[in-house]
Structures are given as C-alpha cells and as structure tokens.
Amino acid sequence: MVITSLADGVISGVESVASGLSSALFDRPLRLGVTGLARSGKTVFITSLVANLMDRGRMLQLNAAREGRIEAAFLQPQPDDTVPRFDFESHLAALTGPSPHWPDSTRAVSELRLSLKVRPAGLLSGLQGLRTLHLDIVDYPGEWLLDLALLDKSYAEWSSDVLSRIAARPQAEHFLAEKAKAAPAGAHDEPQAQALAAAFTGYLHAARAAGFYDCTPGRFLLPGDLEGSPVLTFAPLPPEAGAPRGSLWREMERRYEAYKSKVVKPFFRDHFARIDRQVVLVDALSAIHSGPQAVEDLRHAMADILSAFKPGRNRFLTRLLGGKRVEKILFAATKADHLHHAQHGRMTAIIEALTREAQDRARFAGAHTAALAMASLRTTTEEMRPHNGTELPCVRGTLLETGKQAAFYPGALPEDPAQLLTPARQGAARWLEGDYQAMAFAPAPLTLKHGSGPPHIRLDRAAEFLIGDAL
Ligand SMILES: Nc1nc2c(ncn2[C@@H]2O[C@H](COP(=O)(O)OP(=O)(O)OP(=O)(O)O)[C@@H](O)[C@H]2O)c(=O)[nH]1
Ligand SMILES: [Mg+2]
C-alpha cells in the first residue's frame, strides 16, 4: 500500500508523494495492545512509556528520539467514546509524586491516545513537513484472551471439561457441594442459580490465588460493571440431555451462550481485532520464585494467551480478522530491576524459552516477534557485595514492606533455561539447584530532570521494536 502510493506520487509530482505517504502511513492510527496476566506490570509499563515518549531524554535506543526527529508528543482525547480513558495523570502522580507508590490494580480495558509529531527520516525528509502518528495504547487483561476457547464449546462441552478438571482440586470443594445439591432438570430458580454462580466464582478466585491459570470465564474474576448481571450468573452443570425448557440447566446454557455473544465476542471485535502491535508482559521472576509448578502454569498460560494470535485457530476470529494480522509481538519480562544487569541475558533466554511454542506459532503467522528483559520503572541501583570470598551482583532499593533500604541478591539464574523449564514440565515440587528469592521494592523518590521521563531499563528498546518503524 505504501509502495503503491509512493509510485503514484513519483509520477504525479512531489506533493502527492507527501500526501500519498502520509495518508498511507499516518492517518490511520497505530494501535498498540498491552497485555499480560494480573500484576504483570501493564499499568506501570504504559505510564512510563507515555511519560518517556513525552520527555525523551532516556529514550536513546528509540532511533527517532535519538535523531531528534520527534518534535512533539502530546495526549489527545482517545477516539473510542465508550472505552474508559487510561488514567495516565493519576498513575504518573502515584509513581513520581513526593511519596511514590505503585498504582492501583486495574480491572478493565482502558485506552489512551498519544500523538507524535515526527520529522521523516532519510530521503523523504526534505520533501514533506512534520507528520503525525497517533498511537492508541490499549490496556487489557491477558485473562480475557483465554475466553477465546469458550467460543468453540457448547455449554455441555464446557461444563464437562471444567467439571473433570476441577474434580480433584480442594479449591472447588464448596462449589462441588453446591452443584451436588442442584437439580439441573428441575425448574429454574434464581436464588439457586445465584448460589451456584457465587460458589463457582469463589472457586475461580481461590484457584487463581493457588496459581492455576485455567480460570475462565475471565469476566467472573474481573466483572467490572457486569457484576451481578445474568451473563455472569451461571456455572457448569453435568450434561443433561433431556433438560426441559425452563429448567435450571437450560437457563444456565442460555446464560453461557449470552456470555459468549455479549461479553467475549464484543471484546474480540472491539478491541482485539483492531490491534496492530502487541506487547505481552510476563512477570517471570515471581513465577520462578514461586517454584516449578508456577513456571509450568505460566508456560501454559502464555501458550494459551498467544494462541489467540494464531490465525485460523478459531472460526469466529478468522472471520472477524479477515486476513488482518498483528504485525509485531514483543514478549517482555518485566521488573528486571530486581536483577543485576549481569543476569539480564539469562532472563531474556528464559522468557524466550518460556514463550517458545507461542512465539513459533506467531512467527508462522507472519508476525515479527522479539523477547527482552526490561523494567518500566527502575527502583534499584546495582552494587557488588563481598560474600564468602566472592562478589555477589546485587541490587539496592527501598523495601515495599518496611520502607528500609536493602541490598538484595535474588540467586543466580541458570545459563540454560532448560534447567528451570525441564523440572517444571516434569512436575518437580521444588528447584533442586538454586533458590530464588523475590523482593518487592517501592518506587524510588525521583527528581525528574527536565526533558527526561522516569528511569527504566530497556523501555526504549521495547519502543523501538514496537513503533520505531512507524516514526
Ligand atoms: N521493581 C519493579 N516493580 C514493578 C515494575 N512494574 C510493575 N512492578 C510491580 O508490579 C506490580 C503490578 O504492576 P501494575 O503495572 O499495576 O500491573 P498490572 O498488570 O497493571 O496489574 P493489574 O492491573 O492488577 O492486572 C506493581 O504494583 C509493582 O509492585 C517495575 O518496572 N519495577
Ligand atoms: Mg493495571
């Protein structure tokens, strides 16, 4: 499309080169999706990215910023009237105010438009003036992508799947007892439906807290303004072939179908299908700290999340996308400021290995993928500390719990990621070698230099990969 405009322009004069190009590249906003499981660092990432794109002193690895071609960056009203605006100002104030703290958890989709006025690079720079790139950044929970699997399942199929998976889980005990009391073929009774849905929701919360990732329907955990509505008031019941009209089973089936058509499909249609570039944030360090089971769960969750990016996997999505593809996907291990930079390469290797299957699938589908270890907001400084005759590469920061300064050594990540992933796959109960500590640091008090955003690690590289070619 770009090449065509350029060719046409060359024939009909300089002016149309400029207008042809700008309409091809820049009138259409670029949509950047930011996702990841709960607490993976989405809100902090977007806040720091936007702040650092507005004040670009720390963005040297973003070529357009280093070359001084970004003349201005400013926020604009976001274009989707029904989507909440990403509350950039409050989040930035939390992170960079006089007593800095982490922003609150966010529980729904939100969106922000950042417009960048850019001087074009190279040959074309003399031919046209400033261009504007509208970057629409969309924050959405990775858990919602897991709901895609529901679209291919009937209520009976989904129910038997779920019931067999949870039968042995202690978290499901209360729900299973409620289910045993229910008479699916009997008349629908709203208090009973509500009790079942509440017990099932309780199970989902407990299962997620215990590290299970297969916690769908995703909106049961993050209901937003759907809380209490019929689309969230259902639960799996054993298949009941002859359930009559008006029975509890039929009503549950109807609500499950409504969840698919009124909650899942609109999310994919209104948000997911329009994404051009995607970053998937992964808190791999916390999972490693929690042990092999958590790493294995994370690997499964990543594979499931990323299968949404594989075209042809799902009929509804294939029809919806009509050949459109996410062009680039970045897998970013967040919170790398918990590690001395000597270990960042190993962290990257782990995140690559962890998302290998998913990456291979996306690559097959024609998307560019990359992996890196980064910190959206650097909270630590590095230091070497003597220990038993050697030097340990540590990081120093303010502990979130006590507010005290401390140096911290998380343990040595293995050079070969298989040393973590293989025991995880084999169901090991704990790591044989190495013990990995986790620590929560508070954001450090900052005095932001004029022209510079908050300190980070490799946020500029992430930006170059995601949007550099569009600047
Ligand atoms: N040290 C460090 N911690 C971080 C960084 N980014 C996020 N965190 C930690 O991770 C927590 C979650 O970050 P958020 O950005 O709120 O994560 P989220 O994915 O938006 O979380 P939900 O909205 O709950 O899904 C924060 O409260 C911090 O404790 C970082 O760059 N460095
Ligand atoms: Mg958030």
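Let's start at Lys335: with a relative accessibility of 25%, this residue counts as partly exposed (buried is under 20% relative accessible area, exposed over 50%, partly exposed in between, using a 1.4 Å probe and protein chains only). This is a predicted model, where local features need pLDDT of at least 70, side-chain atom pairs count only at pLDDT 80 or more, and totals for chains, interfaces and linings use all residues. Residues are numbered from 1 along each chain as its sequence is written, chains are lettered from A and ligands numbered from 1 in the order in which they are written, and side-chain values use heavy atoms, with hydrogens and water left out.

- Lys335 sits in the loop between E6 and H15; helices (H or I, at least four residues) and strands (E, at least two) are DSSP runs, numbered from the N terminus.
- Although Lys335 is not a glycine, its phi is positive, at about 65 degrees.
- Asn388 is another non-glycine with a positive phi, about 45 degrees, and its place is the loop between E8 and E9.
- At 72% relative accessibility, Asn388 counts as exposed.
- Thr216 and Pro217 are joined by a cis peptide bond, with omega about 0 degrees, and Pro217 belongs to the loop between helix H9 (190-209) and H10.

- Thr43 lies in helix H3 (residues 42-54) and Thr106 in the loop between helix H5 (88-96) and strand E3 (110-118), so the pair ties together parts that are 63 residues apart in sequence.
- Thr43 is buried, at 9% relative accessible area, while Thr106 is partly exposed at 30%.

**The seven-stranded sheet**

- This open sheet has mixed pairing and runs in the order E2-E3-E4-E1-E5-E6-E7; two strands pair if DSSP finds at least two bridges between them.
- Strand E2 (70-76) and strand E7 (368-373) are at the edges with a single partner strand each, so one side of each has no neighbour in the sheet.
- E3 and strand E4 (residues 131-139) run antiparallel and are joined by nine bridges; Arg113 has Asp136 in E4 as its bridge partner.
- Helix H15 (residues 344-354) lies across strand E5 (277-282), strand E6 (328-333) and E7, at about 140 degrees to E7. Axes are lines fitted to C-alpha atoms, for helices over the stretch in contact, and angles run from 0 to 180 degrees between N-to-C directions; contact means heavy atoms within 4.5 Å.

**The three-stranded sheet**

- A second open sheet, antiparallel, has the order E8-E9-E10.
- Strand E8 (381-387) and strand E10 (405-408) stand at its edges.
- Seven bridges pair E8 with strand E9 (residues 390-398), and Met384 has Pro393 in E9 as its bridge partner.

**Two more residues to look at**

- Asp460 lies in helix H18 (residues 459-467) and touches Arg58, Met59, Leu60, Gln61 and Leu62, not counting residues up to four places away in sequence.
- Gly224, in the loop between helix H10 (218-221) and helix H11 (248-270), is partly exposed at 44% relative accessible area.
- Gly224 and Ala108 are 116 residues apart in sequence, with 6.5 Å between their C-alpha atoms.
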